[in-house]
Structures are given as C-alpha cells and as structure tokens.
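Here is a short briefing for a reader who is new to this structure. Please look over the sequence and the fold before reading on.

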Amino acid sequence: MLGKQSMLNVVLTAVLVPFLYPHCLRLYNHGALDLDHWWWRKNGSYTVRMVMAVPPVIHLENFVTPLERQYLLRLAEPLFERSYVMLDNGSALLDNARISSSAYLPLGDPIVRRIAQRAAEFQGYMDADRVDVQATAYAEGGHFKPHYDTSPDDANGRQRKSTIFVILDAKCEKCGTIFPNIKADWSGFSKEWCKHLECDESVLATRAVPGSALFWENLDSAGNVLDTSLHGGRPVISGHKVGLNVWTMVHRDEYA
Ligand SMILES: O=C(O)CCC(=O)C(=O)O
C-alpha cells in the first residue's frame with residue numbers, strides 16, 4: 001500500500017508533468033530554455049560513418065535530435081505545398097516524377113538556424129548563411145524519381161554543392177534514398193551497416209531511420225556535377241516519410 005505522502009507525490013506528478021511539459025517545450029523551441037547544455041550537446045550528438053571516401057558519402061546517425069525533429073515537423077506542417085521540379089531555366093514544373101509536398105523553412109528560426117550551423121560546421125566551418133533548408137513530405141504513393149540536386153546551367157547561378165538529407169519521420173518499408181550510380185555489395189562488411197542501409201541492394205540505398213542523415217557532394221572541385229550524386233526518394237508504398245534537405249549553396253563564379 002502507498003503511504004499518504006507517496007500518494008500525494010504520485011498525484012502531483014500525474015497532474016504537473018502533463019501541465020508543465022508543453023510549456024517547457026515551447027520555451028525550449030524558442031531558445032529560452034536551453035536543455036542542450038545539460039541534456040544533449042548543442043551541436044547534437046551524432047555518429048559519423050564513412051560510406052564512400054571519394055567522392056565523400058557519409059552517414060550521420062542521430063544528426064537531428066528527437067526534440068528538434070518534433071519541432072521541425074510542427075514548423076513545416078502549415079508551410080507544405082505540392083512539390084515542384086525545377087528546370088534549368090529557373091521555372092518550376094508540377095511533374096509526376098516528384099509526388100510529395102515540400103516547404104522551405106525560415107532560416108531566421110532558431111532551430112532551423114541551429115541545424116544549418118551544424119551542417120556548416122560538419123563541412124569544415126562553412127558559412128551557415130550558405131545553407132538552405134527544405135522539408136519534404138511523402139504520403140502513400142509518393143516518390144521522387146532519380147535526379148541531380150544541382151545543374152551548372154541553373155539560371156541564377158546558384159548551385160547545391162552538397163546535400164544532407166535527414167529523416168524527420170518515417171513509417172514505411174524500403175522508402176529511403178537510392179543512388180543508382182553507386183554500386184554496392186555489403187556482403188563483406190559489418191552487419192551493423194544493415195541498420196542504416198539496405199544491405200540486400202546492389203546500389204547504395206539508405207533506410208529511412210528518423211534522426212539519421214546522409215551527406216553527399218553534388219559537385220566535384222571544378223564545379224562539375226558528380227554522377228554519383230544521382231539519387232531518388234524511393235516509393236512510399238504504404239505509410240509516410242518526412243525528410244529535410246540541408247543544401248550548401250555555392251555560386252557558379254566561385255569555381256571560375
Ligand atoms: O526522399 C528522399 O529520399 C530524397 C529526397 C530528394 O532527393 C530531394 O528532396 O531532393
């Protein structure tokens with residue numbers, strides 16, 4: 001039997017926790033309550049594993065924390081619109097090659113900024129102002145056919161030098177990102193990889209694990225598009241997937 005004091009503690013906890021939690025979360029999301037200093041390092045606590053050295057393809061486990069994911073999903077929700085495919089001349093086209101919704105996230109937002117800074121630091125203390133952040137959501141039947149994230153002919157000269165694609169939320173099978181030009185054979189490697197990648201595929205394909213991300217380069221050092229960067233969002237046959245593109249931008253002239 002619980003004593004009177006214990007009963008009181010249980011009742012107080014049951015009442016106070018649900019009451020305080022949303023308020024703490026709101027303070028945290030606005031940067032007023034910085035739990036990271038004592039709970040989770042400000043720069044995240046992610047694990048880096050190299051998938052391929054040249055050109056680099058790097059897996060980042062837990063790149064975005066659960067609280068950050070929750071926040072970003074809420075931030076993106078009202079901003080989602082049907083995704084477009086961008087043409088080289090700068091115009092946007094609705095196309096069945098890309099069936100999803102997407103939303104550019106405001107770079108002034110403290111948590112978006114934090115993710116941009118984390119991505120920039122990972123790439124050798126790059127300037128975080130170069131980073132663009134876009135959430136992208138797939139419902140059942142959604143996909144993004146293999147494509148390049150950048151093109152040297154982009155009308156405004158801005159190119160996506162690198163991509164970090166983070167999974168914010170996913171409940172689907174074999175619905176990660178596929179790289180048709182990167183041949184893969186995982187048979188001689190640790191089975192640990194199979195938590196992050198589809199080990200039975202003959203090309204590189206990630207598993208959609210919330211919080212985890214893949215980094216890859218889209219351009220070589222002369223500014224040419226890398227064949228290896230061809231990638232697609234695999235079909236979501238049932239369930240859903242929400243990802244976050246974290247692109248580091250360069251201008252064509254920077255390669256001149
Ligand atoms: O959904 C994916 O796995 C990849 C998404 C993608 O390629 C994009 O949004 O550009």
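This is a predicted model: local features need pLDDT of at least 70, side-chain atom pairs count only at pLDDT 80 or more; totals for chains, interfaces and linings use all residues.

Residues are numbered from 1 along each chain as its sequence is written. Helices (H or I, at least four residues) and strands (E, at least two) are DSSP runs, numbered from the N terminus.

**Ligand shell**

- Thr136, Phe144, Asp149, Phe165, Gly176, Thr177, His231, Gly233, Gly243 and Asn245 surround the ligand; a residue is near a molecule if its C-beta atom, placed from the backbone, lies within 6 Å of it.
- Strand S14 (231-233) and strand S15 (240-251) are the elements that give two or more residues to this shell.
- The shell has 7 polar, 2 nonpolar and 1 charged residues.
- In these classes, Ala, Val, Leu, Ile, Met, Phe, Trp, Tyr, Cys and Pro count as nonpolar, Asp, Glu, Lys and Arg as charged, and the others, Gly among them, as polar.

**The sheet**

- An open sheet is formed by 5 strands in the order S6-S9-S14-S11-S12, with antiparallel pairing; two strands pair if DSSP finds at least two bridges between them.
- Strand S6 (98-99) and strand S12 (203-205) stand at the edges with a single partner strand each, so one side of each has no neighbour in the sheet.
- S6 pairs with strand S9 (residues 143-147) over 2 antiparallel bridges, and arginine 98 stands opposite phenylalanine 144 in S9.
- Phenylalanine 144 also belongs to the ligand shell.
- S9 and S14 are antiparallel and share 2 bridges; here histidine 147 stands opposite histidine 231 in S14.
- Strand S11 (residues 177-183) is joined to S12 by 3 bridges, and the two run antiparallel.
- Lysine 183 has valine 203 as its bridge partner in S12.

- Most residues other than glycine have a negative phi, and most peptide bonds are trans.
- Valine 54 and proline 55 are joined by a cis peptide bond, with omega about -15°.
- Proline 55 sits in the loop between strand S1 (47-52) and strand S2 (57-61).
- Asparagine 62 is not a glycine, yet has a positive phi of about 60°; its place is in the loop between S2 and helix H2 (66-76).
- Lysine 174 has a positive phi near 45° and lies in the loop between strand S10 (158-171) and S11.
- Buried or partly exposed: which is lysine 174? Lysine 174 is partly exposed, because 15 other C-beta atoms lie within 10 Å.
- A residue is buried if 20 or more other C-beta atoms, placed from the backbone, lie within 10 Å of its own, exposed if 12 or fewer, and partly exposed in between.
- Asparagine 62 is partly exposed, with 16 such atoms within 10 Å.

**Helix H3**

- Helix H3 (residues 110-122) has 13 residues and should span 18 Å at 1.5 Å a residue; its end C-alpha atoms are 18 Å apart, which agrees.
- The expected span is 1.5 Å times one less than the number of residues.
- Buried residues of H3 include Ile111, Arg114, Arg118 and Phe122.

**Arginine 207**

- Arginine 207 is in the loop between S12 and strand S13 (213-217).
- Arginine 207 is partly exposed, with 19 other C-beta atoms within 10 Å.
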